[in-house]
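This report describes the architecture of a protein model for a reader concerned with geometric detail. The sequence and structure are shown first, and the description follows.

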Amino acid sequence: MSDLHRTVQEGGPLLPASGRLEVAVQQAGPIPLDARFHCEAGELLALVGPSGSGKTSLLRAIAGLMTPRSGRIACGENAWLDTATGVDLGPQRRRIGLVFQDYALFPHLTARDNIRIALRHLEPAQRSEQAARWLARVHLDGLGERYPAQLSGGQRQRVALARALAREPRVLLLDEPFSAVDQVTRRRLQRELTRLREQIRIPIVLVTHDLDEAMALADRLCVLHGGKSLQIGDAETLFRRPASAEVARLLDRHNLFRGQVVDTPRGRRLQWGSLMLEVAGGLERLSLGQAVTWYLPDSDVVLLRCDSHSRGNVVAGRVSEVIVMGGTTSLAVSVDQVGETLRFDVSTHAARRGALARGVQVRLALLAEGIHLLPEAPKEMTT
């Protein structure tokens, strides 16, 4: 049993508890920011968005490495930045643990001495012993005398994490912490971070480009674009109920379409080309004839067998694309009655069993409960 796992089982906290992190910052340039979010103690919040969306700039603002033009950053009852009152604490006074994607270790110092640097709040006689404990907690027992060049990428990242935590930070910031290691090591480090979180009751903010990583690790996600926070929520909410078409695109969602609210003998429906789709709630609050953007998670597109029957929104289409990715196959189906394309995944086993290939005719059920209405449709829409 690892030292870390044993510590978790024994229930002893690794760090003093912290307070809620609150961030509200704005500036027009040179890096535009208009972000507002919070992260509870013990919570992991992932900042996601394309390159240049302001993710790393926000981490730097939290850490005190840059000062936005206006706003407030606080942890618990302590304001770290408040431009209205002139408060702007330096990085050392904020007690931040920061882990970079390139490790940022001192190459001329051993693993143990890299951690010792973060222990200046302890008496000199205690630092070596405490550094050894942190090395054990990140599975590096016996490697304390090695220099960074003698360690693997995963080991260097563990040293960087141990150094960040050894400072007893009030907030832990992770800037693409696993992007520089191979996939196997990445998954192992992700599992270790998940276990470590059980004993760290401080806010953790993760910057990542990897949506799968964000979904696996984070309690909530904050979607950023152009420095602006567009939507915050748990992964299921964001992927099933994006606040806008822009958020859906940033989350790599594909099934975005235009429709119109119409009245039929069977009640209100969403007109999509010549199709009349049933929607489980939401149409009643819209005006007849109103144009809407609507979204359907790919999990709510059901491939029907030839002999099956469904009372839902059944559409016919032709497979236009088949991409096999291991155990999952991504399908694109051109809907006959509309001329638009639905995208969704099925298991590769199901795709082979159904002999799915380009040009094959299929029937799909679009689940009424999954259709999500976005009333404010942009002028241009791509699927």
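The pairing of β5 with strand β6 (residues 87–88) is antiparallel and comprises 2 bridges; two strands are taken to pair if DSSP finds at least two bridges between them.

## Basis of the description

The model is predicted: local features need pLDDT of at least 70 and side-chain atom pairs count only at pLDDT 80 or more, whereas totals for chains, interfaces and linings use all residues. Residues are numbered from 1 along each chain as its sequence is written, and side-chain values use heavy atoms, with hydrogens and water left out.

## Overall composition

The secondary structure of the protein comes to 11 helices and 21 strands. These elements are DSSP runs numbered from the N terminus, helices being H or I with at least four residues and strands being E with at least two. The C-alpha trace spans about 80 × 55 × 35 Å along its principal axes.

Of the 383 residues in the protein, 49% are buried; buried means under 20% relative accessible area, exposed over 50%, and partly exposed in between, with a 1.4 Å probe and protein chains only. Among the contacts with a separation of 6 or more, 67% come from residues 24 or more positions apart, a contact being heavy atoms within 4.5 Å.

## Helix α2

Helix α2 (residues 55–63) is largely enclosed by the rest of the structure, because 7 of its 9 residues are buried. Those buried residues are Lys55, Ser57, Leu58, Leu59, Ala61, Ile62 and Ala63. Glycine 64 follows α2 and has a positive phi, near 85°.

## Packing of α6 and α7

Helix α6 (residues 153–166) and helix α7 (residues 183–197) pack at an angle of about 20°, with their axes 10 Å apart. The two helices therefore count as roughly parallel, a class for angles under 35 degrees. The axes are lines fitted to C-alpha atoms, for helices over the stretch in contact, and angles run from 0 to 180 degrees between N-to-C directions.

At this contact, Gly154, Gln157, Arg158, Leu161 and Leu165 in α6 meet Thr185, Arg188, Leu189, Glu192 and Leu196 in α7. The contact residues divide into 4 nonpolar, 3 polar and 3 charged. In this classification Ala, Val, Leu, Ile, Met, Phe, Trp, Tyr, Cys and Pro are nonpolar, Asp, Glu, Lys and Arg are charged, and the others, Gly among them, are polar.

Strand β13 (residues 267–272) pairs with β14 over 3 bridges in the antiparallel sense, and leucine 270 has leucine 277 in β14 as its bridge partner.

Another open sheet contains 5 strands in the order β16-β20-β17-β18-β19, again with antiparallel pairing. Here β16 (301–304) and β19 (341–347) are the edge strands, each pairing on one side only. Neighbouring strands of this sheet are turned by 45° against each other on average, direction ignored. Strands β16 and β20 run antiparallel and are joined by 4 bridges, with valine 301 opposite leucine 366 in β20.

## The loop around alanine 357

Alanine 357 is located in the loop between α11 (348–353) and β20 (361–366). Its relative accessibility is 34%, so alanine 357 counts as partly exposed. Leaving aside neighbours within four places in sequence, alanine 357 is in contact with Val319 and Val322. The C-alpha atoms of alanine 357 and serine 334 are separated by 13 Å, and the two residues are 23 residues apart along the chain.

Notes. Angles under 35 degrees count as roughly parallel, over 145 as roughly antiparallel, 65 to 115 as roughly perpendicular and the rest as oblique.
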